[in-house]
Amino acid sequence: MPAKGQHRKPRLNRLTRVCIAAGTGGAALALPLAAATHASAAEPATAPAVATTAAAKAETYTVVHGDTLSKIATAHHVKGGWHQLYKDNKKVIGSNPNLIRPGERLTLNGHTAVKPAAKPAPKKAVAKTTATTAKKAAASTGTGYTKPVGDAAIGTPYHQAGSNWSSGYHTGVDFLVWSGTPVHSVAAGTVVHAGADGAYGNDVIIKHADGKYTLYGHLTRPLVSVGQTVTEGQEIGISGATGNVTGPHLHFEVRTTPNYGSDIDPVAYLASHGVSI
Ligand SMILES: [Zn+2]
């Protein structure tokens, strides 16, 4: 059985860091002190940078991961608080003030917000698109291996050093996908774990013919059970944000045993089977 790894803070991507670094007090408070400290450390450019006007007292603000209206309102001293912020941006935000999306541009001082030209697709549409891509990705490469999710940006890479992980480094690679994205087994194998797994939240661990194990973490739910055999590209779970995370993503890990601490480079492993990330 997999050990309960103390895999902490698997994802602190650039967007989150930008948010914290910008001094949004609310965001910092919402995270453990360690995370806030880590956030101010220098980081490699692993995720696409997203321009944000948070640092300057600009009229507009671009929503980043982890934001809430009240955080933004507090950080930018919006008169009337988040209620006013919501009122001024209802056109952009829609009917649910709890649902703001990264990339949305909000006005901070009462002018009617202008919808961005390239507003990110709503959650549902993104999931759908990813599903379509994932289906494509799940098609055999001819090597018996495929990607765990469709085209997705990489968040925290393998072996990124940091105090946030008990092993001293990140034991897998993070794919930035919304909750609800189909997750596929990268190759045929047998399920050796499916369900709660400490900091990994709900995960699925699959043993493959070459003796290696692949792990899919932070799932909303597994779609397979222990002992089940799976095929290359089979949908084995739905991505999510369970366990120790700062936002939804898929943590993908490759191990030489079912246990924590036996990880190997997941990107190199896939590459050796003809799958490039
Ligand atoms: Zn991770």
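The model is a predicted one, in which local features need pLDDT of at least 70 and side-chain atom pairs count only at pLDDT 80 or more, while totals for chains, interfaces and linings use all residues. Residues are numbered from 1 along each chain as its sequence is written, and side-chain values use heavy atoms, with hydrogens and water left out.

His-170 sits in the loop between β3 (153-154) and β4 (173-176), whereas His-251 belongs to strand β12 (residues 250-255), so the pair ties together parts that are 81 residues apart in sequence. Strands here are DSSP runs (E, at least two residues), as are helices (H or I, at least four), and both are numbered from the N terminus. His-170 is buried, its relative accessible area being 0%, and His-251 is buried with a value of 0% as well. Buried stands for under 20% relative accessible area, exposed for over 50%, and partly exposed for what lies in between (1.4 Å probe, protein chains only).

Strands of a sheet pair through backbone hydrogen bonds, either parallel or antiparallel; two strands are taken to pair if DSSP finds at least two bridges between them.

The structure holds five aromatic pairs. In one of them, Tyr-216 and Phe-252 are tilted, at 5.5 Å centre to centre and 50 degrees between the planes. Rings of Phe, Tyr and Trp (its six-membered ring) count as a pair if their centres lie within 6.5 Å; planes under 30 degrees apart are stacked, over 60 edge-to-face and the rest tilted. This pair links distant parts of the chain, with Tyr-216 in strand β8 and Phe-252 in strand β12, 36 residues apart. Tyr-216 is buried at 0% relative accessibility, and Phe-252 is likewise buried at 0%. Ring pairs also bring in Phe-175, linking Phe-175, Tyr-216 and Phe-252 into a cluster.

Two salt bridges are counted, a salt bridge being a side-chain nitrogen of Lys or Arg within 4 Å of a carboxyl oxygen of Asp or Glu. One joins Arg-255 to Glu-253, with the closest N and O atoms 2.8 Å apart; Arg-255 and Glu-253 are both buried. The other brings together the side chains of Lys-147 and Asp-151 (2.8 Å, N to O), and here Asp-151 is exposed, with a relative accessible area of 59%.

Elsewhere, three strands form an open antiparallel sheet in the order β5-β11-β9. Its edge strands are β5 (182-184) and β9 (221-222), each pairing on one side only. Three bridges join β5 to strand β11 (residues 235-238), and His-184 has Glu-235 as its bridge partner in β11. The loop between β5 and β6 (189-196) holds Ala-188, which is partly exposed, with a relative accessible area of 42%. Leaving aside residues up to four places away in sequence, Ala-188 touches Gly-144, Lys-207, His-208, Val-230, Thr-231 and Glu-232, where contact means heavy atoms within 4.5 Å.

Taken as a whole, the protein has eight helices and 13 strands. Buried residues make up 45% of its 277 residues. Among contacts between residues at least 6 apart in sequence, 62% join residues at least 24 apart.
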